[in-house]
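Take a look at the chain below.

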Amino acid sequence: MRTAVGAIPPEAKDGFRCEEVPWQRFRHFYGPGEEIPGLLTTLGSADAEAADKALWQLWINLHHQGSTIAVGALAVPFLLRTATAGHPALRARTLRLVAEIGRCQHMGDGSREGLLQVAEEPLLIEGSTMCPVDWTIQAARQAVTDDLPLLLPLLSDPNPEVRSVTAYVLAAVTDEVPRVSSALRFRLANEDDAVVRVSLILAIAQLAREHQDDHAHRWARDLWSDPGRPPEVRIGAGLAWLCLVTDPVPDELRTLLTDPGIPQYDALLQPVPWLTWTDAPGLALRNCIDEMLTVNIPGTVLADPWDEGPSG
């Protein structure tokens, strides 16, 4: 799969010449891969209603129950071009599909270890193609990296949902990490939307964690410990810091994340892509905080991070 995606000529991508791609070698979750180019073509058509239906079908075929499949990686270059040049109303959903194809199954995992996890278990094999799922993820991520010139301008898209999901996609790049991190930080310094701010912070942290940026945890701590920062920035940076280190949770951070005012941000931050898949819609943030702050020691009762202890 990695070889097949890497072999797609740039002119075939830019010219949307799907016929030059070996779709027939792979299947999607419900049928032969030859069906995918027709859906991609419809997605990029002038018929907005037909494009919407095609995108819905692509989601079903390429990302079933949180899992990705080999042929999905072949679709990534064409999905990216449709996202940038197609119907603006479908841009965020199309980019979100790209991001999910290039990420391990993560539904419900809001832990310090799992929230920013990208790679899949190396031994996990996709049944219908016998292709290691991580190879598909790697191929999709490389396709994203190859098309950075298409993605970086979307950090300034007028639609905040597009900016947020673009950060989610960019967090999976495999190369040019300093360039991408710099673009994300620049956008963060100029961003005023709460969801986008948190998405940018988590994207920066995800890149830093995977590519071993030893300075990122200090950057995150500076953000969450600064009372002059907007609350969503401090919350997002707190989650990022917890994912970047294995240190015990400082009392100051625990107090921030268990403040009685935190629940008001549950609904506000639900659209943050990293939080969308966590359990219980509308409670994703609190569930994530619970999982990150609760200490599970064998033979002991779990400590509730929201419990202030016995009174009196």
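**A buried salt bridge and its surroundings**

Asp 147 is buried, with a relative accessible area of 6%. This is a predicted model. The partner of Asp 147 is Arg 81; the two form a salt bridge, with the closest N and O atoms 2.7 Å apart. Arg 81 lies in helix H5 (residues 70–85), while Asp 147 sits in the loop between H7 and helix H8 (148–151), so the pair ties together parts that are 66 residues apart in sequence. Arg 81 counts as buried too, at 12% relative accessibility. The link extends to Asp 14: Asp 14, Arg 81 and Asp 147 are joined in a network of salt bridges.

Next to consider is Lys 13. Its place is in helix H2 (residues 10–14). Which residues does Lys 13 touch, leaving aside those up to four places away in sequence? They are Ile 8, Pro 77, Phe 78, Arg 81 and Asp 146. Lys 13 is buried, yet it has no salt bridge. The nearest side chain of opposite charge is Asp 146, 4.3 Å away. A salt bridge requires a nitrogen–oxygen distance within 4 Å.

Now follow helix H7 (residues 133–146). H7 has 14 residues and spans 20 Å from its first C-alpha to its last, close to the 20 Å expected. Ten of its 14 residues are buried, so H7 is largely enclosed by the rest of the structure. Among them are Val 133, Ile 137, Ala 140 and Val 144.

Helix H17 (residues 284–293) has its own buried set: Ala 284, Leu 285, Cys 288, Ile 289, Met 292 and Leu 293. Seen down the axis of H17, these residues fall within an arc of 150°, so they line one face of the helix. They pack against helices H13 (231–244), H14 (251–257), H15 (264–269) and H16 (273–276).

Back to salt bridges. The structure holds 15. One of them joins Glu 191 to Arg 187, with the closest N and O atoms 3.1 Å apart. Glu 191 is buried at 4% relative accessible area, and Arg 187 is buried at 16%. Another joins Asp 226 to Arg 229, at 3.4 Å. Here Asp 226 is partly exposed, at 29%, and Arg 229 is partly exposed, at 39%.

Finally, the whole chain. It comes to 17 helices and four strands. Of its 312 residues, 53% count as buried. The chain exposes about 13,900 Å², and carbon and sulfur atoms supply 53% of that area.

Definitions and conventions. Residues numbered from 1 in each chain as written. Predicted model: local features only at pLDDT ≥ 70, side-chain atom pairs only at ≥ 80, totals over all residues. Heavy atoms only, no water. Helix = DSSP H or I, 4+ residues; strand = E, 2+ residues; numbered from the N terminus. Expected span 1.5 Å × (residues − 1). Buried < 20%, exposed > 50% of the residue type's maximum accessible area, 1.4 Å probe, protein only. Areas by Shrake-Rupley, 256 points an atom, 1.4 Å probe, with all protein chains shown as cover. Lys, Arg positive; Asp, Glu negative; His and termini not counted. Contact = heavy atoms within 4.5 Å. Arc of directions from axis to C-beta.
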